[in-house]
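I opened the coordinates and kept notes as I went.

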Amino acid sequence: MSTARKNLSSFAATLFGSRSRVIYLISVPFTLFAIFLLWEGITRYTAVPEFILPSPGSVWNRFISSIEDGSLPKHTITTFTEVLGGLVLGIFVAANLGYVLAKSETAERVLAPYIVASQSIPVVAIAPLLIIWFGSGQISKILISALIVFFPVLVNTIVAVRSVPEDLRDLMRSLRATSIQIFTKLELPAAMPVLLGGLKIGATLSVIGAVVGEFVAADEGLGFLINLSRGMYDTAMVFVTVFTLVAMALSLYTIVALVELKVLAWRKDPSES
Amino acid sequence: MYKLLSQMNIYPKMTDISEILIASDISKSFPNGNGGLSVLEDVSFSLDSQEFLCIVGPSGCGKTTLLKILAGLMIPSEGDVIFEGERVIRPRRRIGFVFQEANLMPWRTVEDNISLPLELQGQNGSEVHTKTTDLIELVGLSSFEKTYPRDLSGGMAQRVAIARALIHDPDLLLLDEPFGALDALTRERMATELMRIWGAQKVTVVMVTHSISEAILLADRILVLSPRPGKVTLDLPISLTRPRDLSMAHTKEFGKLASRIRAAIANEE
Ligand SMILES: Nc1ncnc2c1ncn2[C@@H]1O[C@H](COP(=O)(O)OP(=O)(O)OP(=O)(O)O)[C@@H](O)[C@H]1O
Ligand SMILES: [Mg+2]
């Protein structure tokens, strides 16, 4: 196998798990093409009106025009900053709190009930509250996005820190490692696989969080744009916005997956070589 | 000498220069539901510098616990460990520990695993590199410097662990069944290799093993522990001439030693 192809397929393996990578390489372009054909067929040979199902061609035209009039880039940037803000904030708080909880059983016993209970409240339900408290600007969306990212990263951090082998801790102690060294040279690298797993989930969730916030109240962002276009029966624009959101979530996921590929090179799949 | 001293219940202030390690009346129990699980009971022995001590005993009798106490990783419930004239209450730099499993960091290559102890002491640069390369050669892993642990065999991983324990020139090397997970052939080869390393490094060794013949082949002295709670039931000097090799296993002397150890273990069971 050439290096380029090997890289590509191991990248696909990181994205979708190792077994399915061959299937993935063949099936994704194929199924995508099939869906487009079907879509084109329906719009061309049935009487479905444009405002119910626009044709691929008109979605494409709407995409170009929304770039030209600057509306799509503007709303995309708004949502993207909210997503990034939520992601950074959510990961930062969750990873730190998770570390403390993993290290201290007392802290876990005191806080765990609240953390679990907080997860039974759907984010959609607290979104209006956050908007009442923090206004309909970007801050409330960042908070909603952070909130939805928080839990999976928290849980994964706790699992990751707890799963550091006791013998490796003893090794570090026997070598008189400082607590900073234990953190940087043992806990962090040992926790990396689980941590990155949490980040992958968090990356896609952060997009959902920001859009939920924008649905509730906003005058900017892709969530707002979907609402606006729907109201004007501009269904092609709804499609454009949904595709943009998918692209955003996929890119974030891909970035984490690429980092994973680099950072976890030592864990490379045995079935590969 | 230590027996007399511990009977009088005093320890020498200035230890005999040749005595590197003294364990006196070590007991250890772990808290559990019914009054505590006693794992070690009054274990005493002392160790001369550059001596090779093997500890044998049935599974679960507290061998790992004893080694961890010697290393300062665990505090005994009673008794003291004196290492180089000082009481051991926490891990010491002059001690190297090889764990029951190789215990390598999977995200570090062979050379980075081996140089870890120096890295933690803040050393780096060409000196560390030379030392690492020398040790890799000593344990016979040249050309595997950049390999990750997942691509190593059990025997290779254990050799990396031994090299890692040696890199900061410890005075005392503690080995917890280092060859436990290996097949018989690899085991014999590793034992021979350890003998060579011990000869080259002038280090004092305490090694836990399940294999009686391995212990006789390697040790200057063998301690036999009873089933839990572990007590010393036999403290046997091995005066076979060195250099030793596997062919000695068929001599009369070797056989006699082996049956004495076997008897000591059997009497207790
Ligand atoms: N941290 C601990 N807490 C409670 N019990 C422990 C702890 N460490 C060891 N034990 C118990 O002490 C006993 C002796 O354990 P140890 O690991 O020292 O035995 P061992 O002689 O090394 O056994 P093996 O030959 O199987 O490695 C076991 O019954 C074990 O369950
Ligand atoms: Mg053990």
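My notes follow, topic by topic.

**Confidence.** I am working with a predicted model. I then went through the elements of chain A. Helix 1 (residues 3–16) of chain A has the lowest mean pLDDT, 55. Helix 8 (residues 166–174) of chain A has the highest, 94.

**Nonpolar cores.** Which residues have the most contacts inside the largest nonpolar core? I found Leu21(B), Phe45(B), Leu70(B), Leu174(B) and Val206(B). That core has 85 residues. I picked Leu70(B) and listed its partners, leaving out residues up to four places away in sequence. Leu70(B) touches Leu21(B), Ala23(B), Phe45(B), Val81(B), Val88(B), Ile95(B), Leu174(B) and Val206(B). I also noted a second, separate core of 57 residues. Ile136(B), Ala163(B), Leu194(B) and Leu240(B) are among its members.

**Interface of chains A and B.** I turned to the contact between the chains. Chain B puts in 24 residues and chain A 19 residues. About 2,200 Å² is buried between them. Carbon and sulfur atoms give 59% of that area.

I looked for charged pairs next. Three salt bridges cross the interface. I looked up the one between Asp170(A) and Lys68(B). Its closest N and O atoms are 3.1 Å apart. Helix 3 (residues 110–120) of chain B gives the most to the side of chain B that touches chain A: four residues.

**Helix 10 of chain A.** This helix covers residues 222–231. I listed its buried residues: Leu222(A), Gly223(A), Phe224(A), Leu225(A), Ile226(A) and Ser229(A). What covers them? I found helix 4 (71–103), helix 9 (179–216) and helix 11 (235–263) of chain A among the elements that do. Just after helix 10 of chain A, Tyr233(A) takes a positive phi of about 55°.

**Ala266(B).** Last, I checked a residue in helix 8 (residues 252–268) of chain B, Ala266(B). Is it buried, partly exposed or exposed? Ala266(B) counts as partly exposed because its relative accessibility is 48%, and that class lies between under 20% and over 50%. I also took a distance to Glu145(B), 121 residues away along the chain. The C-alpha atoms of Ala266(B) and Glu145(B) are separated by 44 Å.

Notes. Residues numbered from 1 in each chain as written. Chains lettered and ligands numbered in written order. Predicted model: local features only at pLDDT ≥ 70, side-chain atom pairs only at ≥ 80, totals over all residues. Heavy atoms only, no water. pLDDT = per-residue confidence, 0-100. Helix = DSSP H or I, 4+ residues; strand = E, 2+ residues; numbered from the N terminus. Core = buried A, V, L, I, M, F, W, Y, C linked by side-chain atoms within 4.5 Å. Buried < 20%, exposed > 50% of the residue type's maximum accessible area, 1.4 Å probe, protein only. Contact = heavy atoms within 4.5 Å. Buried area = accessible area lost by both parts, 1.4 Å probe. Salt bridge = Lys/Arg side-chain N within 4 Å of Asp/Glu carboxyl O.
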